[in-house]
There are 2 protein chains.
Amino acid sequence: MKPVCPEGFPEKPGSLLIEGALTGEGVIDICVSKEGFIVAAGPGAGRKFRGEAEYLVDGTRSIALPGLVNTHTHAAMTLLRGFADDMPLQQWLSEKIWPLEAHLTGNDVYWGTRLACLEMIRTGTTSFHDMYFFMEDAARAVEDAGVRAVLTYGFIDLGNDEKREHEIRATERFVRHVKSLNNPRIKAGAGPHAIYTVSEEGLKWLAGYSEDEGIGIHIHLSETEQEVADSVKVWGVRPPQLLDRCGILTPRTVAAHCCWLDRDECALLGKRGVSVAYNPASNMKLAVNRAMPYHWLREAGVNVSLGTDGCSSNNNLDLFEEMKIGALLQKFFWNSPTLLPAFEMLSAATMGGARALGLGSGILAPGKPADIILLDRNAVCNTPLHSISSNAVYSCTGSAVTTVICQGSVLMLDRYIPGEDEVLCEASAVAADLVKRTGTA
Amino acid sequence: MKPVCPEGFPEKPGSLLIEGALTGEGVIDICVSKEGFIVAAGPGAGRKFRGEAEYLVDGTRSIALPGLVNTHTHAAMTLLRGFADDMPLQQWLSEKIWPLEAHLTGNDVYWGTRLACLEMIRTGTTSFHDMYFFMEDAARAVEDAGVRAVLTYGFIDLGNDEKREHEIRATERFVRHVKSLNNPRIKAGAGPHAIYTVSEEGLKWLAGYSEDEGIGIHIHLSETEQEVADSVKVWGVRPPQLLDRCGILTPRTVAAHCCWLDRDECALLGKRGVSVAYNPASNMKLAVNRAMPYHWLREAGVNVSLGTDGCSSNNNLDLFEEMKIGALLQKFFWNSPTLLPAFEMLSAATMGGARALGLGSGILAPGKPADIILLDRNAVCNTPLHSISSNAVYSCTGSAVTTVICQGSVLMLDRYIPGEDEVLCEASAVAADLVKRTGTA
């Protein structure tokens, strides 16, 4: 008798068949090889595969979507969730966030990243793009959690030569480390933090290094008006022009925020093939005073994806909630009820993210990595079901997700995640201890 | 042996004791009389009560909050969830919403309101303020669902004398009907739709009638710039002045939206004791181009509450999500990261709402109606738990709610709601049939 998943969690990887899930193209079966790739997807596609699949997942009460992709976060900051809010930016950073971060250990980052992975799995995100410290510990957390990630060490030299040498060595060491893991789900990238924290020399080195290594670039860009004004004052040009002169704008680059881009800068990003990570909740919470110009980016053919930013400026990693906030913010700020409709928002959070990170996923089609999520078709948020994409974007939160599959491995089944209690317990403990030893409670 | 609730759903009302729940004032017990009132709340308060309570609810893995209060919705519009989005306002109304509403029956409104009540229970809302049609059917749905509501028939006369007579009779009939129900959880109010749909005569009649009956008033106010401009053109005054001259601005009045109030108008509302219902998701989705001026309302001492608006402009009734969007929108639009902090937002959604509707609930204190919700303290969104109010507002969605009690009756226990499947099934069926017979699919 073939093990049907709801009767037991498929701990070992194996080929699997999702039967009868609803999608935008009707009710389909999805066949997944034991290597974790979709081999067939369509109405009745499972008939032949049923005999050879090691596991069956009943999809008849579900809607199937590609796993969501979070293209900008600082995962371990889950430990700071709710620690400090509603403060002026500089006071918040200098009195609360930085003192805590100065006391972070690798063990903290491991458990903070495990907590982030747990939250992402629970809310339907199968891949994320991270920038933080102690990234080898973050990589270990990603390995243990089973999700997919592109991890970047946050490079900050503050114009200091000695610090730059240190950051260069740290970047090289981390990229080598990730390559040595030889895990198809984990890639390293280069992580220049931003133009106001990295020197021109640092940016140029990272541009060259990332090209040599064939890895991505993850950077904050034009998040605040201050950043743009300072750039003009210090460098004589606006942030995108500075990055372009340093070679940072490439098809392997993901630029986060981009709230203060003008129309020409959107065109430049389009010309260079840069992807943008839209972070609406963070932008609203930190009062950046402008929304990413989605209409200009779309006009310029820029690939737009979606990110949550870190948990201290959001304060969760639920991309379903982020899709709603993102679609609403465009309409509100740019004063157009038709801007960024549900279907485009869902595309940005799936295909857009997969393209930004070069994952090959983001679509349920043969040959693609099997990063698949199932939503409860009978949840209140899916009742009635006039439109899958509208309900996914405007009505549901991540709590509608019941089952999550990454590279063919089942990470959550009918809302059960093996080992969840340990992660919650350890993350709570390290967060409490971090506050205690920092003395900032 | 006393029945402990997790082992069986307490179908019949009875006195109950919630033991060991975490609140902002530490771990407390909450003792509830069989009439549905809190008789004691505090650390160790349950020791004496334990012997006489008919039911015990284990609160040791929970955070207790007052039930949330949704002060502006059109509940039965759940049937239109996801039916039409991302359209220009006039086209959306004339091509999609109005044709469907023209085919609504009392049976549709019953099941649409049952679906709304189910969604509100699941996401921690125990009371709501409604305005729609077929309100006797809505009242029946509220009775059957067990929640608390103030229901108003949406009065629209379009300046037509005959229509006004009809609306007056409909309002009187509905208010009499609700009084005859003699249900302490259900109250009727007067529901002048807005200044652009109700004549001055209609507004004046409603003001007098509501005073005579001692009932509330529920109205849309200054939602769009167009409404303000048209008011000045047609009446020579801005909307609040018109309402004031008709006697509509009273301490029993809840004015929804209020996006386009100026500072003097906020002061006027404060002087008249009017409560405001803030509807951030709807305001963003419909691109009204201005956020409710919370800072001026607070300065004027106005009671601010929170609403979701109807499901076709939101598209859910989750007040936890609404709290987040509401707190973020104030910061973003008014360019201040300290505006509407988490604690004030949570107060607006509990105490503010209870005060707006004159419910007496909204706080966990002796003598108050036992409208209580429990949140999962071990949910990811509550991990770590640096701040209850920050996690409730910024991190959690309604999916963190496990148990809901209204007037002492348990409506959801450990996420189980009796009869949920029937509501989902019937609401889906009537929604599909509504679209089919309207021919607007």
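The model is predicted: local features need pLDDT of at least 70, side-chain atom pairs count only at pLDDT 80 or more, and totals for chains, interfaces and linings use all residues. Residues are numbered from 1 along each chain as its sequence is written, and chains are lettered from A in the order in which they are written.

**Contact between the chains**
- In contact (C-beta atoms, placed from the backbone, within 7 Å) are 51 residues of chain B with 51 residues of chain A.
- Helices (DSSP runs of H or I, at least four residues, numbered from the N terminus) that give two or more residues to the chain B side include H3 (106-122) and H15 (420-438) of chain B.
- H12(B) gives the most, with 6 residues.
- This side has 26 nonpolar, 17 polar and 8 charged residues (Ala, Val, Leu, Ile, Met, Phe, Trp, Tyr, Cys and Pro count as nonpolar, Asp, Glu, Lys and Arg as charged, the others, Gly among them, as polar).

**Two helices of chain A**
- The axes (lines fitted to C-alpha atoms over the stretch in contact, with angles from 0 to 180 degrees between N-to-C directions) of H13(A) and H14(A) come within 8 Å and cross at roughly 75 degrees.
- H13(A) and H14(A) are therefore roughly perpendicular (65 to 115 degrees).
- Among the residues making the contact are A:Phe343 of H13(A) and A:Tyr394 of H14(A).

Definitions and conventions
Two residues are in contact if their C-beta atoms, placed from the backbone, lie within 7 Å. Angles under 35 degrees count as roughly parallel, over 145 as roughly antiparallel, 65 to 115 as roughly perpendicular and the rest as oblique.
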